[in-house]
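I'd like to walk you through one structure, so please have the viewer open.

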Amino acid sequence: MMRKTMVSLLIVLVLMISMVSVFAAGQVEGAEGKTTIRVIQYAGGGTEFWKAIDKSFMEEYPNIVVEQEIVQPGQYHQKLGGYVTTGKGPDIALMEAGTSTFMYRNVLTDLKGKFDDILPNITGLGIYYDDFDPAKPLLAIPTATNGHMVYYNKQVFKEAGLNPEKPPKTWAEMDAAVKAIRAIGKEPIALGGREYGVYWLVSAITHQVMSAREQADMFNKTQKWTQGKNLNVIKAMNEIYKRGWICDDAASMTVTPAAQDMFVNGDAGFFVSLIGDAFNWKVWGDSMGYENVGAMLFPELRAGDIPGVQPSPLADTLPLWGSYAFGIMKWSNNVDAAVTYMKYLLRPDVQKRFVLEGGFFPNNVNELDPSFVSQPVFATLFEWVKDSEAIPGIFYWQAPEWDAFVRNTQLLYSDMTTVNDFAADMQRIREGK
Amino acid sequence: MEWARKHQGILLALPAIVLIVIFKIYPLINGVLMSFTSSSQGVGTKVFVGMNNYVKLFSDKIFLNSLLNIVKAVLVIPIFVIVPLLVAFIIHKRCWGWSFFRATYFFPYLLPPVMVGYMFSFVLGPNGPVNSILISIGLEKLAINWFGHQSIALFSILAVILWSWFGLGTITYLASMSTIPDELFESAILDGAKSRQLLWYITIPSIIPTIGYWTVLVTTSFFIGLFPYIFALTEGGPGYATMMPEYYVYLVATRYLDAGYASAIGVVLFLFIFILAMLQIRYMYTGSQDDV
C-alpha cells in the first residue's frame, strides 16, 4: 500500500514539474554580456529575409542579439495586446499605419530626437505622428514605402489594340481602354471585392475626390458619410462600376487566387494594388514576365467626369505612406540598441536588400539610385515616390468603418444597394449603431 | 504519509483539475468578466463599462441580422436530419445503390472544413464547373453567382455544409440502426412491409434518441461550427447576408479589436446554445423514458 502511494505521489510530482517546465519555457535570458532585443512582427518579406538581415546586423554589432517573434497577421494584435496588458514583452513591435498605431500610443516610446540624423530621409512619416499631428509624439519609424496604384497587363493591351506604352491617364482614356478590353471578351479591373482589394481601390478613389485636409476630416469625423466629400467617395466608387471598369462578380471574388489569377492569366487588363509589400511590381513581374507588366497612377478625375463631383488637387499623385514601421515599447530597457537596429534597417545598403531580397519598396529613396534594379517598372515607381508626399485617407478610418465599406461595396457592385443606402449604413457604423 | 494515502485520489486527479482550471474554467470566467469591459480605446486598456456591451448588442443591427441568419439556417435543420437518415437506411438495408454510398459517404467529413470551403468556392464559383455544366445543357438562368447574391449565399453555404456533415450523421445513425434486432425487420418483411414502412414504423421509432442527439449536435453546430465555411466561402458577405454570430465575434475581436464587446456576444451565444441544448436534451430524455 505504502509503495503504491509513493508511486502515485511520484507521478503527481513528475506531472507538476513537467507543467511548470512548459510554462517556464521561453523565459530564457539572453547571452551574458550582450544586449538582447526582441522584435515582434509578421515577417513581411519572409522569415528567411529577416534571418539574413539579423545575421548581418549581429555580425556588425556583436554586442546586440536580435530575437524575432513571428506572428501570423491575423493574430498579431491579440498577441501584442496580451503583452500590452501585462506591461512587458518585446522591445520593438511592428506598427501598422495610422489609427492602428494610435491604439498603442500609451505603450510606445516617443521617438522624437532619436532619429534626427536620418529623419529628413525617411519617406511617408506623417501617419506615425500621434493623431497625424507632427507636434505630438512620433510613435513609429517606417522602414519601407507603399502606395496604391494600378498595374496593367501589356499583353492584354496589345490584344485589345491599345498602346502598351501609353496607359490611360484620365477617366475618358480609361473609358476607351475599358471598352477595347471588353470588346475582346476580357475584364477590365480584376477586383478582389470580397476582401482587401476594396481597400486599395478606395484609397486610389479617395485621392481623386479629396484633398489631404478633407481626408483628415474623415478621421476627425467632422464630415458625415451622407454628405459632401465623403458621399463623393461612394459616388465615385459607383461611377466606375456603372462605367464598366470593374470585373463581373467582383463582389464575391477573393484577391488571391481569384482576382490575382485573372490578371496574371491575361483575363483582365488592370489590377489596383501596391508598390511594395504584397502584390507589388516584383510579384507581378516574376509571375507574368516583366515585359508584360506596366504601372500607372489611377486615372485622373477631371471636372465633369462625375456630375457634381469636383476633382481633388491630389488626383494626379500617388497615395503614399511609409510602411513596415517599427515602434519601441515603453517597457523596453534596451532603447539604444533598438534605435541602432532600426537605423540599420534604414541604411541604404540594407534598404537595397529590402528590395532585392524582401520584395519591399525602399523607404530611403533620397539616398538611393533606382538603377540597382534593372526593371523599368521599378524606376517608374521610384520616381512617383520621390515626387509624392500625400497621405492616403484610408488610414484615418476605424476598423468597423473599413469592414462596412467593403461589405457595402459588395452590395453596390451587385446592384443590391444604392449610393444613398451605402452612405447611410456607413454613417450608422460611424455612430456605433 | 497517512494524509497522502487518504487523499491519494485527489492527488492523482490534481494535474487534470489544474489543467481544466487553467484552460477551461479560467478562460470562461475571464471571458465573462471581459464582457463588462471595453478595450476599444486602446489595446490592453480595459475600462469597466457595466452592462453597456449587452445593451449595445440588442441595438446592433449586424448582430441582430446574424441572429436572423441563424433562424434561417435553423429552418433547414430537417434536411440535415433526414438526408443522413435516408443514406444510413439505404446502406443498412442494402437498398438500391447502397454499395456506392457505403464507399463514399464518410469521405466528405474527413476533409478539413476550410479545404471544403475553398474547394466549393471554386466548384460553385461564377466560372466553376457547376455553372459551366448548367450553361452547357442550356440552363444559363440557373448559372448564378451562388455565393455572391444576398438571398442565395446563405443557403449555398448550408448546402456545402450538408455535403460536408452528412457522413457524420450517417455513421451515427448506422451505429444506432445496428442495435435494432433483425427479427423486427424479418417479421415485418414476412408480413409484407415495404422499405418505406420499415423505415417509418421500425427504424425511426427505434432510433429516436439518436435522431434527437443528431438534431442537438446540428443545432448547436449552427451556432458555433460554421466559422471555417463562412471564412473560406464568403467572410459573412455579400454585405451581411451570411454573417453568423460566431463570425461576428471573430470580426469584433480581431478586426475591430474590441475584446469586451466580442466577449459579450460570445456570452450571449453561449447562453443561447445552453438553453437550446437543455431544452432539446430534456425532450429527448423524456421521449426515451416514454419509450421505456
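Let me start with a question: how many of the 11 residues of α12(A) are buried? Keep your guess in mind for a moment while I say that this is a predicted model. The count is 8 of 11, so to speak a helix that is mostly covered. Those buried residues are A:Val335, A:Ala337, A:Ala338, A:Val339, A:Tyr341, A:Met342, A:Tyr344 and A:Leu345.

Now, A:Lys343 also sits in α12, which runs over residues 335-345 of chain A, and what does it pair with? Its partner is A:Asp117, in a salt bridge whose closest N and O atoms are 3.1 Å apart. The two belong to distant parts of the chain, 226 residues apart, with A:Asp117 in the loop between α4 (99-102) and β4 (141-153). As for cover, A:Lys343 is partly exposed at 25% relative accessible area, while A:Asp117 is exposed at 54%. Elsewhere, shared partners join A:Arg105, A:Asp130, A:Asp131 and A:Lys136 into one network of salt bridges.

A:Phe326 is in strand β8, residues 320-328 of chain A. Is A:Phe326 buried or exposed? Buried, with a relative accessible area of 0%. For a sense of distance, A:Phe326 and A:Thr86 are 240 residues apart in sequence, and their C-alpha atoms are 20 Å apart.

Back to charges, with two further pairs in chain A. In general, side chains of opposite charge can pair when their charged atoms come close. One such pair is A:Glu59 with A:Lys55, where the closest N and O atoms are 3.3 Å apart. Both residues lie in helix α2, residues 47-60, and they are 4 residues apart, about one turn of the helix. That spacing has a simple background: an α-helix has 3.6 residues a turn, so residues three or four places apart point the same way. A:Glu59 is exposed at 55%, and A:Lys55 is exposed too, at 53%.

The other pair is A:Lys79 and A:Glu69, a salt bridge at 3.5 Å, N to O. A:Lys79 is in helix α3 (residues 76-86) and A:Glu69 in strand β2 (residues 64-70), so this bridge ties together parts 10 residues apart in sequence. Here A:Lys79 is partly exposed, with 38% relative accessible area, whereas A:Glu69 counts as buried at 16%. Over all chains, the structure holds 24 salt bridges.

Let me zoom out to chain A as a whole. Chain A has 16 helices and 9 strands, and 58% of its 433 residues count as buried. Its radius of gyration is 24 Å, which agrees with the value near 22 Å that a compact globule of 433 residues would have. Along the principal axes, its C-alpha atoms fill a box of roughly 90 × 55 × 45 Å. Of the contacts between residues at least 6 apart in sequence, 76% join residues at least 24 apart. Chain A carries 39 positive and 49 negative side chains, with the centres of the two sets 4 Å apart. Its accessible surface is about 17,300 Å², and carbon and sulfur atoms account for 53% of that.

And chain B? This chain has 16 helices and 2 strands. Its radius of gyration is 24 Å, well over the 19 Å that the globule rule gives for 292 residues, so chain B is more spread out than a compact globule. The box for its C-alpha atoms is roughly 75 × 70 × 30 Å. Buried residues make up 45% of chain B. Carbon and sulfur atoms make up 72% of its accessible surface of about 15,500 Å². Finally, chain B has 15 positive and 12 negative charges, whose mean positions are 6 Å apart.

Methods. Residues numbered from 1 in each chain as written. Chains lettered and ligands numbered in written order. Predicted model: local features only at pLDDT ≥ 70, side-chain atom pairs only at ≥ 80, totals over all residues. Heavy atoms only, no water. Rg over C-alpha atoms; globule rule 2.2 N^0.38 Å. Buried < 20%, exposed > 50% of the residue type's maximum accessible area, 1.4 Å probe, protein only. Contact = heavy atoms within 4.5 Å. Areas by Shrake-Rupley, 256 points an atom, 1.4 Å probe, with all protein chains shown as cover. Lys, Arg positive; Asp, Glu negative; His and termini not counted. Charge placed at Lys NZ, Arg CZ, Asp CG, Glu CD. Salt bridge = Lys/Arg side-chain N within 4 Å of Asp/Glu carboxyl O.
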